[in-house]
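Hello,

Here is the structure we talked about. My notes follow below it.

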Amino acid sequence: MRLAGSLAWEHMTEIVTNTYATARARQEFLQGFGLDTKRPQDWAQYGYPDDVTFDKLYAAYRRGSSGHGAVHRLLDRCWEKTPRIKAPHTDDETPWETAVKLALAKIHAFKKLKDLDRRNLIGRYAAIIYRVRDGKAPRELLQRGAELVDLVPVFEDQIRVTDWNSDKDSEDFGQPTMFQYRTQQRSGDRQGKPEEWADVHPSRVQILAEGAVGDFFDGVPLLEAGFNKLVDLEKIEGGSAESYLKNSARTIVFQYDAGGKPLAIAGPDGEQVTSVKYAHEEQAKALNRNQDASIVMQGGKADTLQTVTSDPKGAWEVAANAFAASVRIPFTILYGQQTGRLASDEDKADFAARCLDRQTNELTPMLEEFVRRMQAAGIFAAGSFEIEWPTLNAPSDEDKFELLGKATSAAQQAFQAGLTEPLFDANELRGIAGFEPRADDGMPTEGDPGRDPLKEPGGAGAKEAA
C-alpha cells in the first residue's frame, strides 16, 4: 500500500509539473509586443494595443489634442506658403508657369494636395484621385485628357487594391492593376447614404506614403511611434479630471450605529422601503441634482467620500516630452506656452530644419510626380520644371532691422579704423531690411561734386592736418 501510494503521489507530482511547464510554454508563445521580456503581457497591462490600426490613429487625431496638434503643427508649417512650380534657371514667370498656375487655381489644387498630406500623416498612406475630362470611365487607362476637373484626396481606409500584376516577366510585377475607392467621406452625418465603392485605374491614382520605399504599405504614420504616450496622456488627463468630478459629485457614505434601524427610512410616498440601497441611491441622486435636497437618517450619519486629487503636471510633462520626441517636434513648439516656457531660437531652428527636410524629401517628389503625370496626360505642356518652396526660417521685420543695425555699426567701425572703401553700399543695407534697391544708391562716385577727397581719410588734406 505504501508503494502504491508513493507511486500515485509521484504520478500526481509529474502531472502538475508537466501542466505548469505547458502553461509556461504557452505563455511564452503568446507573449505580447512589449519590450519588457520579464513581463510578456506588459503592454496589455498598461493598456497599450498590440496593433495600432488606422481606426485608432484616426481617433487619436480626431479626439486627441496632442495627436491633432502634432499633425497640424507639422502640416501647417510645411505648407505655410504655397510652393512655386516654375521653369528652371529663371526667377521670371514664364507663359508655361502661368498656364500651370491657372489650371491649378481653377480646382484649388494646392489645398487638396495639402489635404492629401494631412491624410498621409494620419495613416500609413493616402491617395489622390485624378478626375480628368477624357471621355473615359475612371476604371479605364488615362492616356490623354483635355482638362483636369478635380482632385479627390482619400484616407487609407477609403482605397483598396482589388487586382495585382502577377506576371513575373512584367516591369510592373507586384504592382496594383486596379483600385477601388469609397466615394463617400469617412466621417460625418451621411443621412443614410449607402456605402459605394468605385473602380479606378492606377493611372488615375497617386499614392503618398511617407517613410515607404517602394511598397506603399510600408508607410509610417506620424502618430504610431508615440501612440503609447498618447494613451498615457489620456489616462493622466482623464484620471485627473475624474478625481475632480468624484469630489464635486459628493459620493455619500452612510454609517449606522449598532442599534440603528435603516429599514425604517420612509420612501417618497410615505410607504416603508424594504431596500435600504434603493433608498440611499434615491437620496444621493436628489442631493446631487438639487441644492435644497436633504437626507433622512435614523441611528446613523452621512459623510462624503473624498478622492485625493493629484497634480498631473509632472507625469503629464514626462509623457508629453516622450510624445514630442516621437514626432520630432520640440516640446515648446508642439505645446506652445502651456507650461510657461517660450520656444527658444534653437527649437525654432530645429523645427524649421525638420520641415525643410520633409519638404525636400517627401513633398517635392510628390509634387514632381504630380506635374510629370499631368504632362504625360497632356494637361500641362511638356518641359523641364522645378519646385521652389518659400524660405521657412526667413527673418522677421524685427530681425531684419536688428541685422541692419549690426551691419551699419560694423560699417561705421570699419570707417573709423581707416577703411577707405565702404563696407556696405546703401542698396546692400536696404536689402538687409527687405527693401527694393534704388537706381541711385546715394554713394559718392569718382568726380562727384559733392565728394571732397581732401577731407577723406588718407587724403592730402588729412595728411596736412596731421
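Helix α9 is followed by R328, whose phi is positive, near 55°. R328 is a residue other than glycine, and R328 lies in the loop between α9 and α10. Most residues other than glycine have a negative phi. Helices here are DSSP runs of H or I with at least four residues, strands are runs of E with at least two, and both are numbered from the N terminus.

A word on the basis. This is a predicted model, where local features need pLDDT of at least 70 and side-chain atom pairs count only at pLDDT 80 or more, while totals for chains, interfaces and linings use all residues. Residues are numbered from 1 along each chain as its sequence is written, and side-chain values use heavy atoms, with hydrogens and water left out.

Back to α9 itself. Helix α9 covers residues 313-327, and its 15 residues should span 21 Å at 1.5 Å a residue. The expected span is 1.5 Å times one less than the number of residues. The end C-alpha atoms of α9 are 21 Å apart, which agrees.

Its buried residues are W316, A319, A320, F323, A324 and V327. Buried means under 20% relative accessible area, exposed means over 50%, and partly exposed is in between (1.4 Å probe, protein chains only). The buried residues of α9 fall within an arc of 140° seen down the axis, so they line one face of the helix. The arc is that of the directions from the helix axis to the C-beta atoms. An α-helix has 3.6 residues a turn, so residues three or four places apart point the same way. On the other side of α9, V318 and A325 are exposed. The buried face packs against α4 (65-78), α7 (227-248), α10 (331-335) and α11 (345-376). Contact means heavy atoms within 4.5 Å.

Helix α3 (residues 54-63) comes next. F54, L57, Y58, A60 and Y61 are its buried residues. They cover an arc of only 160° around the axis, which puts them on the same side of α3. Their packing partners are α4, α6 (109-122) and α7.

Now a helix pair. The axes of α12 (residues 397-416) and α13 (residues 426-433) come within 7 Å and cross at roughly 155°. Axes are lines fitted to C-alpha atoms, for helices over the stretch in contact, and angles run from 0 to 180 degrees between N-to-C directions. α12 and α13 are therefore roughly antiparallel to each other, a label for angles over 145 degrees. K400, F401, L403, L404, A407 and T408 of α12 meet L429, I432 and A433 of α13. By class, this contact has seven nonpolar, one polar and one charged residues.

Two single residues. H108 is not a glycine, yet has a positive phi of about 55°. H108 lies in the loop between α5 (95-106) and α6, and is exposed, with a relative accessible area of 53%.

I207 lies in strand β7 (residues 205-208) and counts as partly exposed at 22% relative accessibility. Leaving aside neighbours within four places in sequence, I207 is in contact with Y125, A126, A127, F179 and F216. I207 and Y125 are 82 residues apart along the chain, with their C-alpha atoms separated by 6.9 Å.

Overall, the protein has 14 helices and ten strands. Buried residues make up 32% of its 466 residues.

Best wishes

Conventions: Parallel < 35°, antiparallel > 145°, perpendicular 65-115°, else oblique. Nonpolar A, V, L, I, M, F, W, Y, C, P; charged D, E, K, R; others polar.
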